[in-house]
Amino acid sequence: MFFSDTITYFAKIMYLLFNQQPIKMRIKYLLILMFLMVIGCKDKSINTQNENQNQGYSADLFKVTLRAVVKKDDDFCLLYTEDKSLNFVDGVWKNVEGSDNEETIEFLLPSGVFPTQIRLDLGKNIEQEDILIKSIKFEYSGKTREIKGPEIGVFFRADDSKCSYDSSTGILKAFIKNDKKLASLYPNEIILDSELPKLAK
């Protein structure tokens, strides 16, 4: 509406500008014209920017937050399926900076994705020390489910071929195998299958 009004004023001013007006009046009308054009363009730019921001935002992103002590730099991966199977292909990688302090590691799944099963691959650095897992939190559409301590061992189990996990202490210990050090927590399928859908209700 504002931009169309600007065009109307433009036509009127152009008429006055070239209709035998004195020089001073022509300059005055020209300045008014420039002002209206700047305001109109600015208003249109702001509307476009807001539309772009709204298009890029989704309120329904599934987030998993891991609180842990990871001593060495590493790369973690959260893998997920949407068909209740353990055929993990899709995943989200996260670079983790080593620290002696507890840190928060967040995984944001793509828009529109709601996982039915989740696997956590916690590092591949062969020099990585034992990882202390403090909690795992699932968030979706304003709802939250956080698991701590022994409850983590109810939701997840260690891949015994790669690591061990003591849910009473939260210690994840990776094994060195074929010059590789990997650690994976697999889902206890029945538990995740029943608990994750509660976040969508």
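This tour goes through the structure stop by stop, stating what to select and what is found there.

**Before starting**

The model is predicted, and local features are described where pLDDT is at least 70, side-chain atom pairs count only at pLDDT 80 or more, and totals for chains, interfaces and linings use all residues. Residues are numbered from 1 along each chain as its sequence is written, and side-chain values use heavy atoms, with hydrogens and water left out.

**The whole chain**

Display the protein chain as a cartoon. Its secondary structure comes to four helices and twelve strands; helices (H or I, at least four residues) and strands (E, at least two) are DSSP runs, numbered from the N terminus. Of the 201 residues in the chain, 33% are buried. Here, buried means under 20% relative accessible area, exposed over 50%, and partly exposed in between, with a 1.4 Å probe and protein chains only. A contact means heavy atoms within 4.5 Å. Among contacts between residues at least 6 apart in sequence, 68% join residues at least 24 apart.

**First stop: Gln117**

Select Gln117, which is found in strand S5 (residues 117-122). Is Gln117 buried or exposed? Its relative accessible area is 1%, so Gln117 counts as buried. The side chain of Gln117 reaches the backbone oxygen of Glu189 at 3.2 Å. This is a polar contact, defined as a pair of N or O atoms within 3.5 Å; within protein, one must be able to donate a hydrogen and the other to accept it, and residues adjacent in sequence count only if both atoms are side-chain atoms. Leaving aside neighbours within four places in sequence, Gln117 is in contact with several residues, including Leu79, Lys84, Phe88, Pro187 and Leu192.

Next select Lys84, in the loop between strand S2 (74-81) and strand S3 (90-96). The C-alpha atoms of Lys84 and Gln117 are separated by 5.8 Å, although these residues are 33 residues apart along the chain. Not counting residues up to four places away in sequence, Lys84 touches Thr116, Gln117 and Asp193. Lys84 counts as exposed because its relative accessibility is 53%. Its phi is positive, about 75°, although Lys84 is not a glycine.

Asp179 is another residue other than glycine with a positive phi, in this case near 60°. Asp179 is placed in the loop between S10 and strand S11 (180-182). With 70% relative accessibility, Asp179 counts as exposed.

Now show the side chains of Phe and Tyr. How many aromatic pairs does the structure hold? There are five aromatic pairs. Rings of Phe, Tyr and Trp (its six-membered ring) pair if their centres lie within 6.5 Å; planes under 30 degrees apart count as stacked, over 60 as edge-to-face and the rest as tilted.

Select Phe62 and Phe114, an edge-to-face pair with 5.3 Å centre to centre and 90° between the planes. Phe62 lies in the loop between helix H2 (23-55) and strand S1 (63-69), and Phe114 in the loop between strand S4 (103-108) and S5, so the pair ties together parts that are 52 residues apart in sequence. Phe62 is buried, at 0% relative accessibility.

Then select Phe138 and Phe155. Their ring centres are 6.3 Å apart and their planes are at 25°, so this pair is stacked. The pair links distant parts of the chain, with Phe138 in strand S6 (residues 131-140) and Phe155 in helix H3 (residues 150-155), 17 residues apart. Both Phe138 and Phe155 are buried.

Not counting residues up to four places away in sequence, Glu195 touches Arg145 and Phe155. Glu195 counts as buried because its relative accessibility is 18%.

**Last stop: the cavity**

Finally, select Leu122, Gln128, Ile131, Ala174 and Ala183. Among the 14 residues lining the largest cavity, these lie nearest its centre. The largest share of the lining, three residues, comes from strand S10 (residues 171-177).

Notes. 1 Å grid on protein atoms, 1.4 Å probe; cavity = no way out; pocket = protein on both sides within 12 Å on 5 of 7 lines; lining within 4 Å.
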